[in-house]
Amino acid sequence: MSSGETLASLDYSILQQCMHCGLCLPTCPTYDATKNEQHSPRGRISLMRAIADGRLAPTRGFGEEMSYCLGCLACETACPAGVDYAHLFETARADGERAGVLDHPLRRIVRGLTLKFLFTHPRCLRMAGRLLWLYQASGLQKLARVLGLPRLLPNRLRELEALTPIILAKFSHQLIAPVENPKEKRRYRVGLLTGCVQDLVFADINRDTADVLLANGCEVVTPPVQPCCGSLHAHNGDPETAAGMARRMIDLFNPASFDAIVTNAAGCGSHLKNYGRLLDGDPVYANRAREWDRKVKDIQEWLVEIGFRTPKGVIRERVTYHEACHLCHGQKITRQPREILRSIPGLELVELPESTWCCGSAGVYNLTQPETAMALQKRKVGHIFSTQARVVATSNPGCHLQISIGLARRQADVRVDQPVSLLARAYRLEKD
Amino acid sequence: MAFPGNLTAALRAGCAGLEVRDQPEELIPYSFDGTAVLQQLPAAVVFAKSTQEVVSVLRWSALNKVPVVTRGSGTGLSGGSVPVPGGIVLCLSKMDKILEVDAANLTLRAESGALTATISGAAEKAGLFYPPDPGSMKISTIGGNVAENSGGLRGLKYGVTRDYVMGLEVVLSGGEVIWTGNKCVKDVAGYTLRDLFIGSEGTLGVITQVLLKLIPPPAARKTMLAVYDDMEKAAHTVSAIIAAKIIPCTLEFLDRVTIRCVEDYAKIGLPRDAEAILLMETDGHPAAVEMEAAAMEKIARENGARSLKTAAHAAEAASLATARRSAFSALARVAPTTILEDATVPRNCLPEMIGFIQEVGKKHRLKIGTFGHMGDGNLHPTFLTDEKNRDEMHRVEAAMQEIFHRAVELGGTITGEHGVGLAKKKFLEGAVGRENVAIMRRIKLALDPHGLLNPGKIFDLSS
């Protein structure tokens, strides 16, 4: 949506496109859990339409409903009529925020600190990450947990404490030079997006991504300080900030100077490909945003598009693949990750039952709706066990963390990895 | 009539433990079903979890004279589960258990909120087959299927929902519970009341359990796709196949408008200048399937198919079926409002009916794509329109009226599988005659004397 757009000002035909056939219902995790239409895509669209028509004011109930929606976009895959649910959903959350239906002093502080401050100031975000790393690496966190200090926290915070991801010692800019060139002839020039969570928690996967690109003839340009792509803001009802982040991103990576701008985080990718819509009507950025959309590629999409080199290194492992919602539903990328995994000699890929069903991570959903997120996590882990795989591959930091925590809760001997990391490992093994 | 006092408070007091919803955000999602345009807010939505809860709701309804509209997943296409003013919606989506699969008697018993796809899956797991496959089967409930007597793609060879219902548990207006039917193939003890409730669209009772017939699955299947320059030739192919004593399990067609929409959307290489595409499938014993497929191929060529493809394996079969499977999706993307109709004629009148629909579309300046079940004469003229364009909606109305009129003239019907509900109420008398509707009214009054169950659907009580 372009920033400032409301349900009432939206092109009405987007709402009308829903012919309420109901085919989205069985694919919606919240409908599945409740069997209540209100918690289904069709029901939510009817509420949005009621607001657009002026039959319903944005109420607290409406705000809560939009917050209960995972935004997994499984409904978009199921929809026979091609309803643009992502667009509707983001507009609806923004309407709710503007009306302040969920407003609460504490919520305002948390949103201000995260959305408005940390996730718009990449250096401060890294600083916070560094502090958290110190706390963890110094053994303080361990000590605190041994002493049972988290028990002193209020319930909600205690649950959050348990979810704290392990911060890596080195962030992306310490692992990847601003410009790296392939050993062989350069075929493409690509920009590499390092992400926010990916940068703090999975910088090694960013390194793997750069390695895989280099191995396939890509010059890799990685600006050391990158702003958040704005997906967090757009998904959480703050389109104005999201638009600002998009402009900063386009300024940082001039799309005209790259063959592709590559992301390895599905949640970011699904948003990054929609800058055109977000900046539609911006006199300075609209055209560049459209070019940007054409250039943004998920790493797996890009590798298959350029005909990546089949690795020779052998990884003898039984692997299953969990599809990040924003990869399979948001970007319709399903074939490529499997193609990459299958290309690795020795690797046995077993299909995961309900592979496209949300794991409950859904951006910050596991923080805002812990109960539903936990139920989905349990369901996902159950399916992973049924495959008897030792590795579950997925391509989104949120899913990676959510599934890791779920597996750890069950003390499972199963590792989470990303397809691009497995490919990087297979390339490295060639040299041994 | 408005309820005196607080309806939901009274409901909660009258039906202990029942889940009752009455906030605007909770009611709006239940104010429509799968039918275009129709909308009505209910006074409350209640979710029953057992037959006993349904009983308490219908007792309360009779005591307080509040109408009840029963609903499954709300995928109906004639407004059958659209609420009535001042009434409550009784939603059965939470009564969704499969209760028994009896492999010795080839039956399956389930609560009425069980999904059709779940039933089909449970049958398959037992090595059996539940054939009815309405387009919405992934989410439609079996109770809704029975109440609407739903059809599907396999109608020609395997019949419709009615052909698989052996027994029903029904709660009557006032709260009385009856079982009608059993696991016996033969049973002539008295009137077959079960049949009365099939296709009754929630006007005679609330179905809470169904006992279904299962059959052994076909061992083999073969799929073919034929392209024609002329709809007549496709129709003659179908007639010739039937005349050759072959009953294929699928005989589906797309007309020119639909072919173009599918090609625009799915880009699967369909010829944009073709007038008709016929998807044919035969199933059964492998030897019979081979013979039938060869005969069908020959007949299609003799009747002027300009190209014909036979799938060599399952994956290819699926790819041939893509055109038909994408038909509705492709049409639905063309315009903001999609109205799916289901006029039906004896199959020998099909080409004439399809030609007539194309003429009507031209006359009223409307875009109508037609596809459907050529084997059983069940057409799906699909209006691609915009409900906000009043002038165009009037033309849609006029076109529909002409189409239904013509279908009846040809010995057909106004609805093959969607039901009458609200959408086709005004055409019912013209289709079945005044006497038939009068008898329906008498039956309705005998079972629901106060007119509390889905009132105003199919027909009005006063003529």
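How many of the 13 residues of α7(A) are buried? The count is one, so to speak a helix that is hardly covered. A residue is called buried if 20 or more other C-beta atoms lie within 10 Å of its own, exposed if 12 or fewer, and partly exposed in between, with C-beta atoms placed from the backbone.

Before going further, a word on what you are looking at. This is a predicted model, in which local features need pLDDT of at least 70 and side-chain atom pairs count only at pLDDT 80 or more, while totals for chains, interfaces and linings use all residues. Residues are numbered from 1 along each chain as its sequence is written, and chains are lettered from A and ligands numbered from 1 in the order in which they are written.

**Chain A**

Helix α7 of chain A covers residues 105–117 and bends by about 30° at A:Arg111. The bend is the angle between axes fitted to the seven residues ending at a residue and the seven starting there. Helices (H or I, at least four residues) and strands (E, at least two) are DSSP runs, numbered from the N terminus.

The domains of both chains are tabulated here; their bounds come from an automatic or database domain assignment.

| Chain | Domain 1 (residues) | Domain 2 (residues) | Domain 3 (residues) |
|---|---|---|---|
| A | 12–99 | 105–309 | 318–429 |
| B | 7–91 | 98–213 | 220–409 |

In chain A, the C-alpha centres of domain 1 and domain 3 are separated by 26 Å. Across this boundary, 13 residues of domain 1 are in contact with 15 residues of domain 3, where contact requires C-beta atoms, placed from the backbone, to lie within 7 Å. On the domain 1 side, α2 (29–34), α4 (60–68) and α5 (74–78) of chain A each give two or more residues. That side has eight nonpolar, four polar and one charged residues. Here Ala, Val, Leu, Ile, Met, Phe, Trp, Tyr, Cys and Pro count as nonpolar, Asp, Glu, Lys and Arg as charged, and the others, Gly among them, as polar.

**Where the chains meet**

Chain A puts 25 residues in contact with 25 residues of chain B. Two or more residues on the chain A side come from each of α1 (12–16), α3 (41–53) and α4 of chain A, and α3(A) gives the largest share, four residues. By class, the chain A side has 11 nonpolar, 11 polar and three charged residues.

**Chain B**

Chain B holds 15 helices and 16 strands. Its radius of gyration, taken over C-alpha atoms, is 23 Å, close to the 23 Å that the globule rule gives for 463 residues, so chain B is as compact as a globular protein of that length; the rule is 2.2 Å times the number of residues to the power 0.38. Buried residues make up 52% of the chain.

Strand β9 of chain B (residues 206–213) is mostly covered, with seven of its eight residues buried. Strand β6(B) (residues 107–111) pairs with β9(B) in the antiparallel sense over five bridges, and B:Ala110 stands opposite B:Val210. Strand β7(B) (residues 165–171) also pairs with β9(B) in the antiparallel sense, over six bridges, with B:Val165 partnered by B:Leu212. Pairing requires DSSP to find at least two bridges between the strands.

Finally, the C-alpha centres of domain 2 and domain 3 of chain B lie 28 Å apart. Eight residues of domain 2 of chain B are in contact with 11 of domain 3, and the domain 2 side divides into three nonpolar, three polar and two charged residues.

Note on methods. Contact = placed C-beta atoms within 7 Å.
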